[in-house]
Amino acid sequence: MPRFLLRRTGTALLVLLGTTLVTFVLARVVPANPAVTYLGPRARPEAIARITRELGLDRPLPVQYGRYLADLLRGDWGISIGTKRPVLAEIGDRLPATLELLAAAMLIAVLAGVVLGVVAARHQNQFADHAIRLLAIGGVSMPAFWLGLLTQMLFFGRLGWLPATGRLDSDLEFTHPLTEVTGLHLVDALVSGNLTTLGDAALHLVLPGLTLAAYPTGVIARMVRATMLEALAQDHIRAARAYGVAERVVVWRIALRNALPPTATVLGLTLAYSLTGAFFVEVVFNWPGLGQYAATALLNADYPVIMGVTVLGAVTYTLTNLVVDLAHARLDPRVRLT
Amino acid sequence: MSTQPLVGVSGAPMSTDGAAVVEAAAPTRTRQLLAALWRDKLAVLGLLLVALLVLAALAAPLLAPYPAQGAGAAAEVKEVSGPSAAHWLGTDPYGRDLLSRILYGARPALLVPLAVVALAIGIGVPLGLVAGFRGGRLDELIMRLADMFLAFPPLLLAMVIVATLGPSLRNAAMALAISWWPWYTRLVRGITASLREWPFVEGARTLGLRDSTVMVRHILPNAASPIIVQATVDIGTVILATGALAFIGLAAQPPAADWGLMVAEGRTYVLSEWWLSAFPGAAIFLAVLGFNLLGDALRDLLDPRTVTR
């Protein structure tokens, strides 16, 4: 295992280095005048000259890349053109909102996906199976931004059951102010015993959480269905049934235990996919997280922010894949040999 | 060379020089495939949806009730109106007929993903063939390059590339192709590397055929099925991706009749004029659903490893 761990971690680091090369090329080599891209189209010539000097844009490209890497590692990710604040600090401010949304979506997706997958496999080729398969493939075919709008139309516009945008009711700021510790509203409200805010934060999470969960739910349900079908066909399941073990126990305890490890792999990948899904869901629900931050930056060509979020995305994605691979290797010894 | 009839990896018979006789077997296999597809209800639904999309894209000018992408001969008063007998799906705030715009929108919705997937295959497949066939340092180099592109969350790299090049439908398509090719490289490299040791490939090399001939005539036909399955699903995914890019303003620009853009334009009115976003979004959903259902069915039929349903 240690050799596999070392080799796999080494590859991940190498890939990460590669991604910084891609972002570097996009930020500094592709644009005709990177200083203008960096400062925005309305920059004055003096500012352009200054930033050219400061960023070392007049130096050879390998030197520039070295400096870019050193800055990244030092935590100097540049200053946002839009807000004039350090990019890394702004990312830190907005990260909790995105994490909370992702956690809610993944919780919904895992619960719903596993139950749907097991039920479909249990009733293979019957009505429930067909309905769930169609639902799952519908989930992965659904544009998240459209689903978000539809849920807003129905649950906010028509029924008035749930809030449509934001993380909290604006009145609560005055009536029940929240002491921020982690930035995760649910956790902060729970820790400080602020139950009114806790309820409100939870209600605000429902629609964006459900919207973001649609895709991973579909993926997980399909994966669980396939692995459950394989697991249910195994000899020891037949033996358990022959011994008269209750069907409920056979399906939910014995077979599901065998079906879950492959699902863990898919879980990591769908989590990574949901990172980009969160972009669009945050835009639709006016959710003050990283996705909304990045979408605004993309439209305004706020380069330091775009590159910062991109590097963060690549790091998170690569690390998720690494963790998934290592977990997979732990669960399945054959992987370590390849 | 053996005198016994040879069978390729895909099950297709092979000629005596070792080449898979894909051409001769094709009509029968296609017929079998279509018959099998026909038996799967979800696959038929997928085929139907894809056929509708193709029909809308080809015949938009004939089918659309109002010309000029729904702008021509609209109501006297240029204003938004709900679904009615004159405008089945309603009109947008400029009085443009929504149904006509959705029909015209089928063109970019189909053409862009086709172009993206074709480009991704054009770049990814040759690289995968070379990497898998040659192995060694070249293989390492190509695969690490692919890994670099695959290290970004899906769509993120495309979004950044569009932001660098400037938002437009063409740039969005290019950006998507640039971030999509490594999937094909990885797929084809795996198949090629496993086929390289097979007797029919070794035989072809022993006969003195050039490497490029062996790759194209002997290995590529055996990789065709997985590529077709991947491409079918990818067309759906790219429709979704282009829609998402357009939604945040990074692909098609107004006044184009583009589904993602139309959803974005209707967003402001979502609580009152619901049809503005609902119908174009439904078009995206149905198109993607069609390709996903079809891709799923093809995977089950073409991939022998899939558990039979």
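User: Where in chain B is B:Ala257 found?
Analyst: The model is predicted; local features need pLDDT of at least 70, side-chain atom pairs count only at pLDDT 80 or more, and totals for chains, interfaces and linings use all residues. Residues are numbered from 1 along each chain as its sequence is written, while chains are lettered from A and ligands numbered from 1 in the order in which they are written. Helices are DSSP runs (H or I, at least four residues), as strands are (E, at least two), numbered from the N terminus. B:Ala257 is found in the loop between α8 (211–247) and α9 (259–266) of chain B.

User: Is B:Ala257 buried or exposed?
Analyst: A residue is buried if 20 or more other C-beta atoms, placed from the backbone, lie within 10 Å of its own, exposed if 12 or fewer, and partly exposed in between. B:Ala257 has 27 C-beta neighbours inside 10 Å, so the residue counts as buried.

User: How many residues does the contact take from chain A and from chain B?
Analyst: Two residues are in contact if their C-beta atoms, placed from the backbone, lie within 7 Å. The contact takes 44 residues from chain A and, from chain B, 40 residues.

User: How do α5(A) and α13(A) lie to each other, parallel or oblique?
Analyst: Axes are lines fitted to C-alpha atoms, for helices over the stretch in contact, with angles from 0 to 180 degrees between N-to-C directions. The axes of α5 (residues 87–122) of chain A and α13(A) come within 7 Å and cross at roughly 130°. Angles under 35 degrees count as roughly parallel, over 145 as roughly antiparallel, 65 to 115 as roughly perpendicular and the rest as oblique. The two helices, α5(A) and α13(A), are therefore oblique.
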